[in-house]
Amino acid sequence: MSWYNYFFCFFAGMFLANVVPHFVHGISGDPFPTPFAHPPGKGLSSPTTNVVWALVNLIVGYVFLRVGRVSSGGNLALAVFFVGIAALSTWLSVLFAKIKPANRSRKTTHANSFLV
């Protein structure tokens, strides 16, 4: 396989890993950060935006999966694919752990303003 196939294997893993949080939050009706929020990646987007963003990631990930020939590229291609999943999953867990408390405090402050 050529070097670019491994590049696509890696990014296929990243895009497909990114489907999970956006799709789950979207179909659960929960707002969640997307690149389209204000500020991008930190503010909350609607559940519908999250479902659409998940589906875009799914399509791109599938195309990259095919171009990268993950299923026919042997063990190295599969390993690179899983490294892409692990890399994005780990980075997002740290990122969203930092963002989530800020969004919770914003909701709490807003909700408490109605009680006063």
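Is Phe10 buried, partly exposed or exposed, and at what relative accessibility? Phe10 counts as partly exposed, because its relative accessibility is 22%. Here buried means under 20% relative accessible area, exposed means over 50%, and partly exposed lies in between (1.4 Å probe, protein chains only).

This is a predicted model, in which local features need pLDDT of at least 70, side-chain atom pairs count only at pLDDT 80 or more, and totals for chains, interfaces and linings use all residues. Residues are numbered from 1 along each chain as its sequence is written, and side-chain values use heavy atoms, with hydrogens and water left out.

## Overall fold

The protein has 3 helices and 0 strands. Along the sequence the pattern reads α-α-α. Helices (H or I, at least four residues) and strands (E, at least two) are DSSP runs, numbered from the N terminus. Of the 116 residues, 31% count as buried. Take the contacts with a separation of 6 or more: residues 24 or more positions apart account for 62% of them. A contact means heavy atoms within 4.5 Å.

## Helix α1

Helix α1 covers residues 3-27, which is 25 residues. From first C-alpha to last, α1 reaches 37 Å, close to the 36 Å expected at 1.5 Å a residue. The expected span is 1.5 Å times one less than the number of residues. Buried residues in α1 include Cys9, Gly13, Met14, Ala17, Pro21 and His25. An α-helix has 3.6 residues a turn, so residues three or four places apart point the same way.

## Aromatic rings

The structure holds 9 aromatic pairs. Rings of Phe, Tyr and Trp (its six-membered ring) pair if their centres lie within 6.5 Å; planes under 30 degrees apart are stacked, over 60 edge-to-face, and the rest tilted. Two of the pairs are set out here.

| Pair | Centre to centre | Angle between planes | Type |
|---|---|---|---|
| Phe10 and Phe11 | 5.3 Å | 85° | edge-to-face |
| Phe15 and Phe64 | 5.5 Å | 90° | edge-to-face |

Phe11 is partly exposed at 26%. Phe15 is also partly exposed, at 26% relative accessibility. Ring pairs link Phe7, Phe8, Phe10, Phe11, Phe15 and Phe64 into a cluster.

## The largest pocket

The largest pocket holds about 240 Å³ of space. Its lining has 16 residues, and Asn18, His22, Pro35, Trp91 and Leu92 lie nearest the centre. A pocket is an open set of points on a 1 Å grid over the protein atoms alone, where a 1.4 Å probe fits, with protein on both sides within 12 Å along at least five of seven lines; lining residues have an atom within 4 Å of a point. Grid points are joined across faces, edges and corners, and the volume is the space filled by probe spheres set on the points. Helices α1, α2 (47-67) and α3 (74-115) each supply at least two lining residues. By class, the lining has 11 nonpolar, 5 polar and no charged residues. Ala, Val, Leu, Ile, Met, Phe, Trp, Tyr, Cys and Pro count as nonpolar, Asp, Glu, Lys and Arg as charged, and the others, Gly among them, as polar.

## Backbone details

Most residues other than glycine have a negative phi, and most peptide bonds are trans. Arg69, not a glycine, has a positive phi of about 50°. Arg69 lies in the loop between α2 and α3. The peptide bond from His38 to Pro39 is cis, with omega near -10°. Pro39 lies in the loop between α1 and α2.
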